[in-house]
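Colleague: I am new to this structure and would like to go through it slowly. Could you show me the sequence and the model, and then take my questions in turn?

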Amino acid sequence: MDRIGVLTSGGDNSGLNPCIRAVVRMGLHEGVERMGIRRGYAGLIAGEIDEMDARDVGGILGRGGTILGTARAPEFETLQGRRKALRTLNRFDIDGLVVIGGNGSLTGALELHHLDFPTIGIPSTIDNDINGTDISIGVDTALNTILGAIDKIKDTASSHNRAFLIETMGRNSGYLALASGLAGGAELVLCPEIESTLDDVAETVEKAYIRGKAHAIIVVAEGWKPGTDEIARELNAREEELGFSVRVTRLGHVQRGGSPSAFDRILATRLGAEAVRQLVGGNSGHMVGWLNSDFHILPLDEAVTYQKELDKDLYNLSTIMDK
Ligand code: ATP
């Protein structure tokens with residue numbers, strides 16, 4: 001293998017730049033040329049590709065976002081789109097590809113592998129819902145951002161004796177809400193994977209009040225139904241009965257930005273470097289994950305076919321800690 005490409009695809013997060021850096025520098029170490037593909041599969045189809053050298057990735061280790069840019073590229077989901085991408089790869093003499101992204105992006109990598117193009121995936125999504133890896137790139141930084149917000153909101157909630165609904169990202173995954181709720185001492189976590197009624201939530205708020213707490217913090221994943229607005233309406237309507245008034249904070253896109261944590265920098269560096277080793281060593285159609293403190297190389301179809309389940313033990317623990 002003489003020349004490899006690297007792209008970031010799907011949702012952005014704060015581990016992508018350290019990962020790009022690792023791919024480029026390990027590529028240099030392995031003696032292959034490195035091509036950076038901009039805007040994910042969209043840039044791959046359009047041929048937005050430049051050579052990357054050691055200096056091109058200097059100073060990005062501590063920067064959030066992705067210097068390559070990222071995009072959603074519906075065209076790549078069609079065979080015609082993927083054929084266009086193959087033409088580009090041939091035109092640029094690229095003979096192996098590292099794809100850094102979430103479930104959809106890794107499915108795209110698998111499709112390229114099925115077209116006989118050597119491809120290795122790296123899990124990167126703040127949802128932490130990819131099978132075969134304990135954690136994906138970007139999760140730790142997002143988690144620490146949310147935790148910082150919970151700590152701050154607790155200060156103001158306690159000063160005014162209020163309940164707060166703090167909404168995190170996670171349309172289908174409650175991981176961020178659960179992990180940040182556990183780390184931040186939330187009274188309740190609402191995840192799409194676990195059914196909770198409006199009455200359950202009201203009961204939690206009332207219990208917190210009766211126990212003499214100065215606040216009630218409820219972390220809500222955005223995908224939880226019936227939704228943050230609905231629960232805010234319900235709790236506000238029952239303020240007299242529950243004891244606390246309720247405020248809502250939606251953390252939104254701040255969860256995607258910021259300087260990557262030490263953990264994310266190290267994880268991204270390890271996975272990026274190992275992905276290059278795998279590709280140059282002749283592997284294709286696999287993901288480089290991180291399981292039980294070691295690399296876990298598994299077929300991409302095992303990684304993308306099922307969404308990783310929410311850790312029920314962690315959820316149960318959070319319900320014990322809310323006293
Ligand atoms: P995140 O989990 O952060 O949202 P993601 O990688 O899952 O990231 P998606 O929007 O699902 O984000 O996918 C990103 C891109 O991957 C899509 O725009 C498309 O180009 C490609 N992709 C997604 N699904 C497929 C598929 N089934 N076949 C081929 N390519 C796909």
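Modeller: Contact here means heavy atoms within 4.5 Å. This is a predicted model, in which local features need pLDDT of at least 70 and side-chain atom pairs count only at pLDDT 80 or more, while totals for chains, interfaces and linings use all residues. Residues are numbered from 1 along each chain as its sequence is written, and side-chain values use heavy atoms, with hydrogens and water left out.

Colleague: Is Asn-17 buried or exposed?

Modeller: Leaving aside neighbours within four places in sequence, Asn-17 is in contact with Ile-60, Arg-63, Gly-64, Gly-65, Thr-66 and Ile-67. Buried means under 20% relative accessible area, exposed over 50%, and partly exposed in between, with a 1.4 Å probe and protein chains only. The relative accessible area of Asn-17 is 0%, so this residue is buried.

Colleague: Is Met-321 buried or exposed?

Modeller: Met-321 has a relative accessibility of 57%, and the cut-off for exposed is over 50%. Met-321 therefore counts as exposed.

Colleague: How much of the ligand's 630 Å² does the protein bury?

Modeller: A polar contact is a pair of N or O atoms within 3.5 Å, and an oxygen atom of the ligand is 2.9 Å from a polar backbone atom of Gly-104, while for a polar backbone atom of Gly-102 the distance from a ligand oxygen is 3.0 Å. Accessible areas come from the Shrake-Rupley method with a 1.4 Å probe. Taken alone, the ligand exposes 630 Å², and the share of that buried by the protein is 80%.

Methods
A polar contact is a pair of N or O atoms within 3.5 Å; within protein, one must be able to donate a hydrogen and the other to accept it, and residues adjacent in sequence count only if both atoms are side-chain atoms.
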